Amino acid sequence: MTVKPLSDRVLIEPVAAEEVTVGGIIIPDTAKEKPLRGYVKAVGNGTKDEAMVVKEGDLVLYGKYAGTELEVDGVKYLMMRQSDILAILEK
């Protein structure tokens, strides 16, 4: 299935949270921080007031509680407005 965001929305695939061990103790998934980085998978066309700055393939940084979680074909994504993205990370 293909997801095409509308307006100024962006579909992001979060980067998996890193597994953290503390003194040999593995922290369970429920205690891990939500990932704050992800790859842009699809973008909308923008609005007449806001052009789309991000593009597919960009690695972005977003707010902790940004976006709506959804699952497509077993893959978890976040759908958010472009304004919820804080920065584009460059290598």
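Predicted model: local features only at pLDDT ≥ 70, side-chain atom pairs only at ≥ 80, totals over all residues.
Is D8 buried or exposed? Here D8 is buried, with a relative accessible area of 6%, where buried means under 20% relative accessible area, exposed over 50%, and partly exposed in between (1.4 Å probe, protein chains only).

Residues are numbered from 1 along each chain as its sequence is written, and side-chain values use heavy atoms, with hydrogens and water left out.

**View 1. An open sheet is formed by six strands.** Read across, the order is β6-β7-β1-β4-β5-β8, and the pairing is antiparallel. Strands here are DSSP runs (E, at least two residues), numbered from the N terminus, and two of them pair if DSSP finds at least two bridges between them. At the edges you will find β6 (68-72) and β8 (85-89); each has a single partner strand, so one side of each is left without a neighbour in the sheet. From one strand to the next, the twist averages 45°, taken between N-to-C directions of axes fitted to C-alpha atoms, on a scale from 0 to 180 degrees.

**View 2. β1 pairs with both β4 and β7.** With β4, the antiparallel pairing of β1 runs over five bridges, and V10 stands opposite V43 there. With β7, the antiparallel pairing runs over four bridges; look for I12, whose bridge partner in β7 is L78.

**View 3. The largest nonpolar core holds 11 residues.** Its members are V10, I12, V40, V43, V54, V60, Y62, A66, L78, M80 and I85. A nonpolar core is a set of buried Ala, Val, Leu, Ile, Met, Phe, Trp, Tyr and Cys residues joined through side-chain atoms within 4.5 Å. At least two residues of this core come from each of β1 (9-14), β4 (37-43), β5 (59-62) and β7 (75-81). A second, separate core has five residues, among them L11, V72, Y77 and M79. In general, side chains in a regular strand alternate between the two faces of the sheet.

**View 4. L78 and its contacts.** Setting aside residues up to four places away in sequence, L78 touches V10, L11, I12, P14, Y62, A66, G67, T68 and E69. Contact means heavy atoms within 4.5 Å.

**View 5. β4 and β5 pair in the antiparallel sense over three bridges.** G38 stands opposite V60 of β5. L61, also found in strand β5, counts as partly exposed at 29% relative accessibility. Between the C-alpha atoms of L61 and G38 the separation is 6.8 Å, although the two are 23 residues apart along the chain. Beyond its neighbours within four places in sequence, L61 is in contact with L36, R37, I85, L86, A87 and L89.

**View 6. D8 lies in the segment before β1.** Back to our opening residue: leaving aside neighbours within four places in sequence, D8 is in contact with G46, T47, E50, M52, M80, R81 and Q82. S7 is found in the segment before β1 too, and is partly exposed, with a relative accessible area of 31%. From C-alpha to C-alpha, S7 and M52 are 9.2 Å apart in space and 45 residues apart in sequence.
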